Amino acid sequence: MMESSVSTHGAEDCPVKCTKVEDDFVPSKLGTKEYWDDAYKRELEAYKDIGDVGEIWFGEESMDRVIRWMEAQNIPENAAILDIGTGNGMFLAKHGFSNLTGIDYSKAAVELTVNILEEEGLKNVKIQVEDFLNPSTELKGFDVCIDKGTFDAISLSPEDREEAKKRYVNSLRTVTQPGGFFIITSCNWTKEQLLQIFTPGFELVRELPTPRFQFGGVTGNSVTALVFKRID
């Protein structure tokens, strides 16, 4: 998922930045399906009118970072890869892999992705409408699952966020092969928080480098990128 009004060219701005209260977040329209349906309808219209494919969440560097790690690990080209909340499909359009599935719960997002991939001449990518919190029984057996902002958006749901987060983790365990990898990029959750959310069931393999900032003598990261491995 992505918001067309957010510019991420060459930067890693947060497309779903939230307001934090203690250990949780203030509910936001960014956590609703209606918001993303409207956003992607606008992007689809823009694509049909002027060929604008929209923005890339977290910038191109975030995509390149994931691809570099996968290539360094010698992930096979035919590995089954799932892009969770595929948005406009720009990640899929840059890959060198051949067994890809992109899902989004917005029909407009899926239509936009299909149009873009057809324009790019990529016909070996499966794109489908799926609610990841209620996945179909056919959605399973993936070697690598990738999330860039979808879990962030789910965390902002105005209704039953805790249950939504639990269902996300359960769905992830269902669709990921034992020993498979989960790569998440988040601008709302820290490394420590993500470790708490996704364990047990997944173990941390690697923290990917992200841009660092310094303010008031404190150094930190505005974006967290982690690689987990399913262990049960």
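This tour moves from the sheet to a helix packed on it, and then to a single arginine.

The model is predicted: local features need pLDDT of at least 70, side-chain atom pairs count only at pLDDT 80 or more, and totals for chains, interfaces and linings use all residues. Residues are numbered from 1 along each chain as its sequence is written, and side-chain values use heavy atoms, with hydrogens and water left out.

**The sheet.** Select the seven strands of the open sheet, ordered E5-E4-E3-E6-E7-E11-E8 with mixed pairing. Strands (E, at least two residues) and helices (H or I, at least four) are DSSP runs numbered from the N terminus, and two strands pair if DSSP finds at least two bridges between them. E5 (125–129) and E8 (202–208) form the edges; each has a single partner strand, so one side of each lacks a neighbour in the sheet. Next, select E3 (residues 81–84) and E4 (residues 100–104), which run parallel and are joined by four bridges. Leu 82 has Thr 101 as its bridge partner in E4.

**Helix H4.** Select residues 107–120. H4 packs on the sheet and touches E4 and E5, contact meaning heavy atoms within 4.5 Å. Its buried residues (under 20% relative accessible area, 1.4 Å probe, protein chains only) include Ala 108, Leu 112 and Ile 116. Gly 121, with a positive phi near 75°, follows H4.

**Arg 167.** Finally, select Arg 167 in helix H6 (residues 161–175). Its relative accessible area is 28%, which is partly exposed, the class between buried and exposed (over 50%). Not counting residues up to four places away in sequence, Arg 167 touches Leu 133 and Asn 134. Phe 132 lies 35 residues from Arg 167 in sequence, and 8.6 Å from it in space, C-alpha to C-alpha.

Definitions and conventions
The expected span of a helix is 1.5 Å times one less than its number of residues. Axes are lines fitted to C-alpha atoms, for helices over the stretch in contact, and angles run from 0 to 180 degrees between N-to-C directions.
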